[in-house]
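Here is a short briefing on one structure. Please read it alongside the sequence and the model.

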Amino acid sequence: MANILRGKSNQVNPMYRPPFGYDMTEEGNLIPIESDLEVLAEVKEMVVMKALSWRDAALYITMKSSRSISHEGLRKRLQKPVELELAV
């Protein structure tokens, strides 16, 4: 599987921002940030049970994790599974 961060010239796109819960190596591989992924899983359960709105869930993540995410970004992140090449 080709690295999704690389274009035709096999260069990593410098404007690419990794998805929430991941960080990027200099080679363009993605490394999971376990603490952010745990908070994301916790919030997903609360949103599914309708205990939190998308906006409240995004605010909760921003307070609990190392990065921020918008309510629309959170919705997209939770509704679309991430299929990535991870650094080994």
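A polar atom of the arginine 67 side chain lies 3.4 Å from the backbone oxygen of proline 19. The backbone oxygen of proline 18 is 3.1 Å from a polar atom of that side chain. The model is predicted.

**Arginine 67**
- Arginine 67 sits in the loop that links α2 and α3.
- Arginine 67 is buried but forms no salt bridge.
- Its nearest side chain of opposite charge is aspartate 36, 5.3 Å away.

**Helix α1: span and end**
- α1 runs over residues 34–48, 15 residues in number.
- From first C-alpha to last, α1 reaches 21 Å, close to the 21 Å expected at 1.5 Å a residue.
- Lysine 50 follows α1 and has a positive phi, near 60 degrees.

- Asp36, Val39, Leu40, Val43 and Val47 are the buried residues named in α1. They lie on the same side of α1, because they cover an arc of only 105 degrees around its axis.
- An α-helix has 3.6 residues a turn, so residues three or four places apart point the same way.
- Glu38, Glu45 and Val48 are exposed, on the face turned away from the buried side of α1.
- The cover over the buried residues of α1 includes α2 (54–64) and α3 (71–79).

Definitions and conventions: Residues numbered from 1 in each chain as written. Predicted model: local features only at pLDDT ≥ 70, side-chain atom pairs only at ≥ 80, totals over all residues. Heavy atoms only, no water. Helix = DSSP H or I, 4+ residues; strand = E, 2+ residues; numbered from the N terminus. Expected span 1.5 Å × (residues − 1). Buried < 20%, exposed > 50% of the residue type's maximum accessible area, 1.4 Å probe, protein only. Arc of directions from axis to C-beta. Contact = heavy atoms within 4.5 Å. Lys, Arg positive; Asp, Glu negative; His and termini not counted. Salt bridge = Lys/Arg side-chain N within 4 Å of Asp/Glu carboxyl O. Polar contact = N/O pair within 3.5 Å; in protein donor to acceptor, adjacent residues only side chain to side chain.
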